[in-house]
2 protein chains.
Amino acid sequence: MDTIINKVDTKGRVSLPSDYRAIVKELSTEIVCYRSLTSPCIEGCAEELLEKIASDMETSLDFFSQTQDELTNLIFGDARRFSFDSTGRILLTEKLLKHAQITDTAVFVGKGRKFQIWNPENWEKEEARIRAEIFKNRPSLSNKGGM
Amino acid sequence: MDTIINKVDTKGRVSLPSDYRAIVKELSTEIVCYRSLTSPCIEGCAEELLEKIASDMETSLDFFSQTQDELTNLIFGDARRFSFDSTGRILLTEKLLKHAQITDTAVFVGKGRKFQIWNPENWEKEEARIRAEIFKNRPSLSNKGGM
DNA sequence: AAAAATCCCATGATATACCATAAGAGAAGG
DNA sequence: CCTTCTCTTATGGTATATCATGGGATTTTT
């Protein structure tokens with residue numbers, strides 16, 4: 001999955017890149033999107049994955065179980081199903097677009113079983129940051145011969 | 001899922017968001033609402049789920065060290081059925097509206113199998129609080145959840 | 001009879017489905 | 001190796017269906 005740039009029209013519609021669509025389509029005809037907890041971007045995945053993420057988080061919580069309750073609030077309260085039409089587009093909400101500072105252009109970034117949608121400039125910075133981070137840890141990588 | 005803002009008219013009527021309605025409608029034409037034990041908000045769910053919800057709550061509130069009976073009594077004693085009309089609206093009671101401090105606007109927050117109804121300002125604060133809380137504990141989450 | 005609740009209809013707004021064009025990638029053939 | 005054709009994908013526009021909401025009418029309750 002590579003990064004793909006698509007336009008957001010005046011109504012907030014975006015084409016989900018066909019590669020991404022194909023993967024989801026095996027499961028269903030809709031995806032789930034929510035505001036990233038850690039970055040100014042939108043995250044998307046198949047609904048099944050969201051439920052898995054939610055349950056994974058629950059089991060990984062060692063502090064008060066009250067937080068579990070709050071987690072479901074945060075995840076299920078923020079997430080929403082988006083079904084894409086015959087042309088493969090979804091209509092993003094104001095809330096999501098605002099959080100990611102997206103106006104007329106969106107960058108899709110694959111992240112394994114999920115993906116992120118970024119404002120182009122923000123993603124450029126983020127990518128640079130990640131590259132720098134990786135470079136900093138280069139020695140530990142080259143030891144294993146991975147790259 | 002999702003968070004939706006709807007108006008409460010002069011008669012106290014609120015439209016139950018269509019997504020929520022659709023899910024409940026598979027089962028019946030009415031929902032159950034009660035005052036949240038932990039927050040200034042209304043909680044709602046399908047009647048079939050109430051018993052399950054109650055027991056879930058017991059396990060998640062174990063630090064209150066209350067007996068199961070006391071909690072279930074509390075919820076069941078407070079819960080009431082609300083049937084929605086052909087346009088999908090329910091008429092909330094004074095007791096519920098007062099508890100949630102709702103006057104003319106209500107925020108529906110998805111919570112998986114149930115949902116909450118908040119006063120807009122209160123929810124805004126609560127959401128910010130939860131996000132900060134979760135973010136603080138992010139390191140322990142990112143290991144497993146990947147959000 | 002008055003008040004409250006339920007039902008029904010009308011309307012504006014919005015999301016969804018649909019069609020049509022344009023741009024790009026890959027395949028086939030010269 | 002280049003050209004042409006075809007198929008997929010992205011994007012713009014339009015129509016249709018759905019939903020939220022206001023108002024009124026009818027029914028029920030006390």
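At 10% relative accessibility, Trp123(A) counts as buried, where buried means under 20% relative accessible area, computed with a 1.4 Å probe on protein chains only. The structure is a predicted model, in which local features need pLDDT of at least 70 and side-chain atom pairs count only at pLDDT 80 or more, while totals for chains, interfaces and linings use all residues. Residues are numbered from 1 along each chain as its sequence is written, chains are lettered from A and ligands numbered from 1 in the order in which they are written, and side-chain values use heavy atoms, without hydrogens and water.

A pair of aromatic rings is described by the distance of the centres and the angle of the planes. Rings of Phe, Tyr and Trp (its six-membered ring) pair if their centres lie within 6.5 Å; planes under 30 degrees apart count as stacked, over 60 as edge-to-face and the rest as tilted. By this rule there are 8 aromatic pairs over all chains. The ring centres of Trp118(A) and Trp123(A) are 5.5 Å apart and the planes stand at 50°, so this pair is tilted. Trp118(A) is buried, at 2% relative accessible area.

In chain B, the rings of Tyr20(B) and Phe108(B) form an edge-to-face pair, because their planes stand at 75°, with the centres 6.1 Å apart. This pair links distant parts of the chain: Tyr20(B) belongs to helix 1 (residues 18-25) and Phe108(B) to strand 7, 88 residues apart. Helices (H or I, at least four residues) and strands (E, at least two) are DSSP runs, numbered from the N terminus. Tyr20(B) is buried at 7%, and Phe108(B) is buried at 0%. In chain A, one aromatic cluster is formed by Tyr20(A), Phe108(A) and Phe115(A).

Lys114(A) is found in strand 8 (residues 114-118) of chain A and is buried, with a relative accessibility of 12%. Its side chain makes a polar contact of 3.4 Å with that of Glu43(A). A polar contact is a pair of N or O atoms within 3.5 Å; within protein, one must be able to donate a hydrogen and the other to accept it, and residues adjacent in sequence count only if both atoms are side-chain atoms. Lys114(B) is placed in the loop between strand 7 (105-110) and strand 8 (115-118) of chain B. Lys114(B) is buried, at 11%, and its side chain is joined to that of Glu43(B) by a polar contact of 3.2 Å.

Conventions. Buried means under 20% relative accessible area, exposed over 50%, partly exposed in between (1.4 Å probe, protein chains only).
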